[in-house]
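Here are my notes on the model you sent over.

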Amino acid sequence: MPDFGKYAFYVWTSYGLAGLVLVGITLYTWIDSRVQRRVLRTLEERGLRRRSDRREG
Amino acid sequence: MSDQVSLSARLTGLANPTRFIRMVEIVLPWLVAATAILFAVGLAGAFYIAPADRWQGEAYRIIFVHVPGAWLAMFCYAVMAAASIGSLVWRHPLADVSAKAAAPLGAAFTFIALVTGSLWGKPMWGAWWVWDARLTSVLILFIMYLGLMALWRTVEDPSRAARAAAVLTLVGFINIPIIKFSVEWWNTLHQPASVLRVGGPAIDVSQIWPMLVMALAYTTLFMSLHFMAMRTEIHRRRIRSMRLLEASRGGEDG
C-alpha cells in the first residue's frame, strides 16, 4: 500500500469516490441491460412481434 | 465511386439497429478487456511508478482520476452533440438512442471531475470550492446533463423527446469551448492547460504517461458502457412498440 503522507485522506477519497461512481454506473448499465433483455424475451415468448417483424416474416 | 458506394452502404448497414446490436456483441468483449488492462496499467503507474511532484507532493496523484474525468465529461457532450445533429438532420432513431444513452455517463464523469477537483482544491488552494470560470462552467455542464436526463424521462414519446433534447444539447454546446478556454479568457484560480497546449505538455513524461493511460481507460470504459446502454435502449423501444401493438390488438379484439 503506497503511503501518501499528509495528503493520504484526499488521495484515497478521490480514488475511492471515482471508483465508486465508475463501478456504480457500470452496474446500473449492466443490470438495466439484463432486465430489458429479459422483458423482451418474455414478450417474444408470448408470441408478440413488432409490426416490422410481421412484415418481414 | 464504387468505394464511396460501399462505404455509404456499410454506414447505412450499421445504422440499422439489428446490425448495430450484432456489431456490439462482437466489439464489447474486446472493449471490456481493453478497459480492464488499461485501468490495471494506469493505476499501477499512478500509485507506484510515477514519482511524487516537486511542488504538490503526493496530492498531485489526484489528477490521474481528475483530468481524464474532465476530458470525458466534455468528450461525452461532444458525442451527444454529434448525435443530436443526426437526430435533427436525418431524424435517425439510432442517433436519438446514442444521445439518450450518453447523458447519464456524461453526468457520472462530470461528477468525478467536480468531486476529485474539490478534494484536490482543499489541500492545494485551501478551499473545497471557488466560483471561478472553470469550476462554474463545469458545474453548469453537470446541471445540463441532469436536465437532459430529466427531459428524456419527462417526454414519453421517444421521437418528440429526441427532438427537444437535441435542440437543448446543441444550444448547450456553447459551454464546451467556454470550459476549455475559461482558464485563458479569465483570471481563474484553476491552472491553465498543461497537456493540450501550444508548445507541448508542461508535465514530465514520468507523470504524464499514467494520466494518458488512465484517459484511454476512461475512454474505452465510456465506449463499452455507451454501446451497452444503446443496445438496452433499442431493446426498451422494441418492448414499447410490442406493448403498443398488443394494446391496439386488444382494442381491436374487444
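This is a predicted model: local features need pLDDT of at least 70, side-chain atom pairs count only at pLDDT 80 or more; totals for chains, interfaces and linings use all residues.

1. Chain B has 8 helices and 0 strands, and its pattern along the sequence reads α-α-α-α-α-α-α-α.

2. How much of chain B is buried? Of its 254 residues, 36% count as buried. As for contacts between residues with a separation of 6 or more, 77% of them in chain B join residues 24 or more positions apart.

3. Next, the side facing chain A. Here 34 residues of chain B are in contact with 27 residues of chain A. The elements of chain B that give two or more residues to this side are helix H2 (17-49), helix H3 (63-90), helix H4 (93-125) and helix H8 (205-253). H8(B) provides the largest share, with 14 residues.

4. H3(B) passes H4(B) in a left-handed crossing. The residues in this contact divide into 19 nonpolar, 10 polar and 1 charged.

5. Have a look at the loop between H3 and H4 of chain B, where you'll find B:Arg91. Most residues other than glycine have a negative phi. B:Arg91 has 13 C-beta neighbours inside 10 Å and therefore counts as partly exposed.

6. H3(B) also meets H6(B). The two axes come within 9 Å and cross at roughly 135°, so H3(B) and H6(B) are oblique to each other. H3(B) passes H6(B) in a left-handed crossing. On the H3(B) side the contact is made by B:Met80, B:Ala81, B:Ser84, B:Ser87 and B:Leu88, and on the H6(B) side by B:Ala162, B:Arg163, B:Ala166, B:Thr169 and B:Leu170. That gives 6 nonpolar, 3 polar and 1 charged residues.

7. On to H5(B), a helix of 22 residues. From its first C-alpha to its last it reaches 31 Å, close to the 32 Å expected at 1.5 Å a residue. Which residues of H5(B) are buried? They are B:Arg134, B:Leu135, B:Val138, B:Leu141, B:Met144, B:Tyr145, B:Leu148 and B:Trp152. When you read that list against the structure, keep in mind that an α-helix has 3.6 residues a turn, so residues three or four places apart point the same way. The buried residues of H5(B) pack against H3, H4, helix H6 (158-172) and H7 of chain B.

8. The axes of H5(B) (residues 133-154) and H7(B) (residues 175-185) come within 8 Å and cross at roughly 160°. H5(B) and H7(B) are therefore roughly antiparallel to each other, and H5(B) passes H7(B) in a left-handed crossing. From H5(B), the residues involved are B:Ala133, B:Arg134, B:Ser137, B:Val138, B:Ile140, B:Leu141 and B:Met144; in H7(B) they meet B:Asn175, B:Ile178, B:Ile179, B:Ser182 and B:Val183. This contact divides into 8 nonpolar, 3 polar and 1 charged residues.

9. Last, a residue in helix H8 of chain B: B:Arg249. Is B:Arg249 buried or exposed? With 11 C-beta neighbours inside 10 Å, B:Arg249 counts as exposed, the cut-off for that class being 12 or fewer. If you'd like a distance to check in your viewer, B:Arg249 and B:Ile143 are 42 Å apart, C-alpha to C-alpha, and 106 residues apart in sequence.

Note on methods: Residues are numbered from 1 along each chain as its sequence is written. Chains are lettered from A and ligands numbered from 1 in the order in which they are written. Helices (H or I, at least four residues) and strands (E, at least two) are DSSP runs, numbered from the N terminus. A residue is buried if 20 or more other C-beta atoms lie within 10 Å of its own, exposed if 12 or fewer, and partly exposed in between; C-beta atoms are placed from the backbone. Two residues are in contact if their C-beta atoms, placed from the backbone, lie within 7 Å. Axes are lines fitted to C-alpha atoms, for helices over the stretch in contact, and angles run from 0 to 180 degrees between N-to-C directions. Angles under 35 degrees count as roughly parallel, over 145 as roughly antiparallel, 65 to 115 as roughly perpendicular and the rest as oblique. A crossing is left-handed if the near helix is turned anticlockwise from the far one by less than a right angle, and right-handed if clockwise. Ala, Val, Leu, Ile, Met, Phe, Trp, Tyr, Cys and Pro count as nonpolar, Asp, Glu, Lys and Arg as charged, and the others, Gly among them, as polar. The expected span of a helix is 1.5 Å times one less than its number of residues.
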